[in-house]
Amino acid sequence: MARCSPHFHRKSRRTLLHSAFVALSLAKNKPYHSMINKFAVFPALPTNTARFPYRSMTSFLLLPSSFQVMSLLHPDMEAGPEESLEVDVGPSDPFNIANTKNAPHETLKRWRQAALVLNASRRFRYTLDLEKEEEKEQRRRMVRAHAQVIRAAFLFRLAGEQQTDTPIASPTTCGDYKIGVEQLASMTRNHNFSSLQQYGGVKGLSGLLRTNLETGINGDDTDLLKRRNAFGSNTYPQKKGRSFWTFLWEAWQDLTLIILIIAAAVSLVLGIKTKGLKEGCYDGGSIFFAVILVIVVTATSDYRQSLQFQNLNEEKRNIQLEVMRGGRTIKVSIYDIVVGDVIPLKIGDQVPADGLVISGHSLAIDESSMTGESKIVNKDQKEPFLMSGCKVADGVGTMLVTGVGINTEWGLLMASISEDTGEETPLQVRLNGVATFIGIVGLSVAVAVLLVLLARYFTGHTRDPNGKVQFVKGHTSISEAINGAVKIFTIAVTIVVVAVPEGLPLAVTLTLAYSMRKMMADKALVRRLSACETMGSATTICSDKTGTLTLNQMTVVKAYVGRKKINLPVDSSQLHPSVVSLLNEGIAQNSTSNVFVPKDGGDVEVSGSPTEKAILSWAVKLGMKFDVVRSESTVIHAFPFNSEKKRGGVAVKRPDSEVHIHWKGAAEMVLASCTGYLDSNGGLQSIEQDKDFFKGAIDDMAACSLRCVAIAYRLYEKEKVPSDEESLNHWVLPEDNLVLLAIVGIKDPCRSGVKEAVKICMDAGVKVRMVTGDNLQTAKAIALECGILCSEEDAIDPIIIEGRVFRALSENEREQVAKKITVMGRSSPSDKLLLVQALRKGGDVVAVTGDGTNDAPALHEADIGLSMGIQGTEVAKESSDIIILDDNFASVVKVVRWGRSVYANIQKFIQFQLTVNVAALVINVVAAVSSGDVPLNSVQLLWVNLIMDTLGAHLHWLPNHQQITLCIDHQLAIGNPL
């Protein structure tokens, strides 16, 4: 191997230093640049750095990797004092937290410290474990730092090997494959570009893995089994859930129950001693039995709850994604990905495994989940390595999977940390405050009863059922006196058990968990427990149109080519061949979708987004041969569809060296950039005189609730196309002087039942607003069809408004106008965010739906973020609180219904709990003071506690019918029911 250049070696050393500083910044949780500024960074190795704890990097790298990481954490490398953080701890009442969704940890600590708790492990089981969260973050930083240091060490070693001409090891075979899992994992984890080049690049590696980069792997059961046996599956070891015995152990650690067990043991011993085995074991034995029963029932209930949460978490992790197998794009679970798979990537996707970029356009990856740096990294043939768990921030591309499961850094990270299902809700926090108040009162009452009963007993004022004085000074034996005192003490402790309502906050969790299970059956996957509760208070729902209010089953029903309206079904004989050729080229190349033609002559399969599928299907009917058209030209550069610009473009080079730039997007926006159009005979015409005709055609189609998409192109001088790759990556495709090829109208029918669902919401006091990127006329037509707008008379400004108009208003004006808005058309994700912020400032509790990556800020900002399970990106799902699995608005209404049920049932449970608590306390206090005895003994009070703490939450479930849950007093929808 030829010696590497000094320039390369210097670059490797700089990369090494960069990785080390990144690792240090991660470990210390400080910004990368602030760490760099604290150190003297030289272009050469730091052999003379005063602040580096080793004399040379070589001696540092000879240490074990774990010690390298700890060295980076050493105080000698302190980068200065930690910055003080100002934390808003909220109001003076620690239990008054309006929204726990983004509450700071300091606020959450305050209410825990203020709560009166008898059994902390049980009370706080389903709240966020703050200590574990801190440990998890530290572990995450350590794993990241470890990976960075190992990568830095590898780069240093690689540079040394290249200078000494040390050859890289040849690939070893692994079963049917000519490369082993260790070599793949090492190459990907260390971003070893030299190894990749030795294997022949991505193309050569695909040969070793027996993968076709165009059509993917074979994908039959035998092939998949071989790959899993050779390279592992895309799963990682998960910590087992807690066993039933763990819950049993936790249940009996309630301080009062332990005291009762001790008291029961003393009572049992003394009773048997004084009254004999038959009579003396009654009091102590019955208390023992009642306590054990309480513990078993509590543990059983908690264990079932835990299993339910485990199932829900499994559903959240099971991501569905597209993969290319046998030339066909299919959807599979993330767990079914194998090494060698070819996976298409688009904005918002999660990278499902480690891999390499096969091809891409403007592909940018957010690697913050792995590196801790918020920097977006561009990926191309020079920087092809992709890490599992990262998100696609921009662009499109395809990847070759090289590492799965535990052989990836993400798999190692996930295996080393356990997912905490805990989380508090506002109602849960407030009920902890109620429980604390009742507990303090109950404790005071118990102490008062204890003092009164002891005073009466030892002064001779307490008599047994036969009227005999129980304690006579000088005559009553010590054992009898102790037994009597133990009975009194047991009663007081039992009053504490009943008085402190441990089950009250847990009732919220039980109720919410029951709702979560039922909501899952109603196609709603809850990611945050508090969302069930908050949804019951929602006063407005900002809903998308496509796929939520409509079926998302799109078909082209109208089309204009030039001034000619094309009759459907269409055939290419109606159009000039040159027009058909340009249309086919623009549709096939300016698309991220795929067309699969079965060899047996079956139906053509079109995969991709619904809009893309509709246009591709229309082109196929025109006679387009998808694979042939794509092979006839080469894509130079692409601008993926952008929700801000409402268009996407591509530059292609034809065999005759002509460069065509194709654009496709919102009809009126593309039309504004056109200076000409091709008529149906293929002649180029000026558009100036006919622009009104095309605008009228767009308005007519929009009035019929059609989505209007324009297809246009332009010739471009090949001399102006950037020649070097770096300039090409930053090339902005020209959008002017376009030639209009066609305008298509796409029908997306309304979902059945959506009008009734909207009416139910309106009747329940929840206002439904439509926020869509479609033409305002299309939005208006759909809103009338769905019942969001009652009549044409309602379709006036600002009830219906364009996003750009709303965006241009001042903050105060937006707050005033937001209340009136019912339909917002041509809106961007930033417009949706502004609307959510304005509504929340006005006092609304806002639920918002979203499916795109750019919707993430609005989903995060809203009180309840609802992402779409089918069309939603992984970024949108992670920012949301609830995932609507069928993308149906009717499912959103069901979520509101269950949220209302939570409030109604919690109200009833509180009424039940307080009634029992107050009654038990008052009866025992009055009886103790007046007669010196209590009518409810320890066993009876424990039975009452058993019913209250374990069964009460289940006994007050209302049937989930809209007549009951959605017609509750409207105050439930706008305020706190407690």
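A: Let us begin with one residue of this predicted model. Phenylalanine 244 has a relative accessibility of 25%, so it counts as partly exposed. The cut-off for a buried residue is under 20%.

Q: With which residue does phenylalanine 244 form an aromatic pair, and how are the rings arranged?

A: Across the whole structure, a search finds 10 aromatic pairs. In one of them, phenylalanine 244 is paired with tyrosine 303 in an edge-to-face arrangement, with 5.8 Å from centre to centre and 75 degrees between the planes. Phenylalanine 244 belongs to helix H12 (residues 244-251) and tyrosine 303 to helix H13 (residues 255-317), so the pair links distant parts of the chain, 59 residues apart. Tyrosine 303 is also partly exposed, because its relative accessible area is 27%. Ring pairs join Phe244, Trp245, Phe247 and Tyr303 into a cluster.

Q: Why is the pair of tyrosine 716 and tryptophan 731 called tilted?

A: The centres of these two rings are 5.6 Å apart and their planes lie at 45 degrees, so the pair is tilted. Tyrosine 716 is part of strand S19 (residues 706-716), whereas tryptophan 731 sits in the loop between helix H25 (725-729) and strand S20 (738-747); the pair therefore ties together parts 15 residues apart in sequence. Tyrosine 716 counts as buried at 15% relative accessibility, and tryptophan 731 is buried with a relative accessible area of 12%.

Q: How is the packing of two helices described?

A: Two values are given: the angle between the axes and the distance between them. Helices H24 (residues 691-703) and H27 (residues 776-786) pack at an angle of about 20 degrees, their axes being 7 Å apart. That angle makes H24 roughly parallel to H27, since angles under 35 degrees count as such. The crossing of the two is right-handed. On the side of H24 the contact is made by Asp699, Ala702 and Ala703, and on the side of H27 by Gln777, Thr778 and Ala781. By class, this contact of H24 with H27 has three nonpolar, two polar and one charged residues.

Q: At what angle do helices H26 and H33 cross, and with which handedness?

A: The axes of helix H26 (residues 754-763) and helix H33 (residues 889-931) come within 9 Å and cross at roughly 30 degrees. H26 and H33 are therefore roughly parallel to each other, and H26 passes H33 in a left-handed crossing. From H26, the residues Val754, Ala757, Val758, Ile760 and Cys761 meet Phe889, Ala890, Val893 and Arg897 of H33. The classes in the contact of H26 with H33 are eight nonpolar, no polar and one charged residues.

Q: Which residues of helix H8 are buried, and against what do they pack?

A: A general point comes before the case. An α-helix has 3.6 residues a turn, so residues three or four places apart point the same way. In H8 (residues 181-189), the buried residues are Val181, Gln183, Leu184, Ala185, Met187 and Thr188. They pack against helices H9 (193-198), H10 (201-208) and H11 (221-231), and against strands S4 (354-366), S6 (385-386) and S7 (391-403).

Q: Where does the backbone take a positive phi or a cis peptide bond?

A: Most residues other than glycine have a negative phi, and most peptide bonds are trans. Aspartate 887 lies in the loop between strand S26 (882-884) and H33, and counts as buried at 3% relative accessibility. The peptide bond from aspartate 797 to proline 798 is cis, with omega near 0 degrees, and proline 798 is placed in the loop between H27 and strand S22 (800-802).

Q: How many helices and strands does the protein have, and what share of its residues is buried?

A: The protein has 36 helices and 26 strands. Of its 978 residues, 53% count as buried. Among contacts between residues at least 6 apart in sequence, 71% join residues at least 24 apart.

Conventions:
Residues are numbered from 1 along each chain as its sequence is written. This is a predicted model: local features need pLDDT of at least 70, side-chain atom pairs count only at pLDDT 80 or more; totals for chains, interfaces and linings use all residues. Side-chain values use heavy atoms; hydrogens and water are left out. Axes are lines fitted to C-alpha atoms, for helices over the stretch in contact, and angles run from 0 to 180 degrees between N-to-C directions. Helices (H or I, at least four residues) and strands (E, at least two) are DSSP runs, numbered from the N terminus. Angles under 35 degrees count as roughly parallel, over 145 as roughly antiparallel, 65 to 115 as roughly perpendicular and the rest as oblique. A crossing is left-handed if the near helix is turned anticlockwise from the far one by less than a right angle, and right-handed if clockwise. Contact means heavy atoms within 4.5 Å. Ala, Val, Leu, Ile, Met, Phe, Trp, Tyr, Cys and Pro count as nonpolar, Asp, Glu, Lys and Arg as charged, and the others, Gly among them, as polar. Buried means under 20% relative accessible area, exposed over 50%, partly exposed in between (1.4 Å probe, protein chains only). Rings of Phe, Tyr and Trp (its six-membered ring) pair if their centres lie within 6.5 Å; planes under 30 degrees apart count as stacked, over 60 as edge-to-face and the rest as tilted.
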